[in-house]
Amino acid sequence: MKLENNYGLVILAGGDATRLETDTPKGCVLVHGISLIERLIRKGPKYIAIMASKKNEKEIENLVQTLYFPEKKIFIFSQNSAPFVDMEGEGPIGNGDLFRSLETSGILNTFEKNCLKRIVVCPVDNPLAAP
């Protein structure tokens, strides 16, 4: 299905890439010299939001700042967090909290103000996606 360009893309990029045995956030992992986040940004629409975790948000921001996509509006926001039940501290709620996180970050309102009719959600570790 080919979408019109009146949609926003949300990239789920909160993962730590521990199964890939790296300290780099999953979205920053390079595949043939290009990060997973950059691959999706290249193919995505004008409005793109990247959901990070509080743990990897800064690293993702640093990566996105090195990329040059003047025609794109890229927003980075963090997943909400909640107290752990059996450990001290807090942790990310995860992808199930996407829409509340979009709303509390103000990005959902930005998408609405720019007349975006749809939101396409794509996990960062799907480099073959065509959002």
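Colleague: Against which elements do the buried residues of helix 3 pack?

Modeller: This is a predicted model, in which local features need pLDDT of at least 70, side-chain atom pairs count only at pLDDT 80 or more, and totals for chains, interfaces and linings use all residues. Residues are numbered from 1 along each chain as its sequence is written, and side-chain values use heavy atoms, without hydrogens or water. Helices (H or I, at least four residues) and strands (E, at least two) are DSSP runs numbered from the N terminus, and contact means heavy atoms within 4.5 Å. The buried residues of helix 3 pack against strand 1 (7–12), strand 4 (47–52), strand 5 (73–78), helix 4 (107–113) and strand 8 (118–123).

Colleague: Within what arc do the buried residues of helix 3 fall?

Modeller: Buried means under 20% relative accessible area, exposed over 50%, and partly exposed in between (1.4 Å probe, protein chains only). In helix 3 (residues 98–105), the buried residues are Leu98, Ser101 and Leu102. They line one face of the helix because, seen down its axis (by directions from the axis to the C-beta atoms), they fall within an arc of 100°.

Colleague: What is the angle between the planes of Tyr47 and Phe111?

Modeller: Ring centres of Phe, Tyr and Trp (its six-membered ring) within 6.5 Å make a pair, with planes under 30 degrees apart stacked, over 60 edge-to-face and the rest tilted. Tyr47 is buried at 11% relative accessible area, and Phe111 is buried at 2%. Their pair is edge-to-face, at 6.4 Å centre to centre, and the angle between the planes is 75°.
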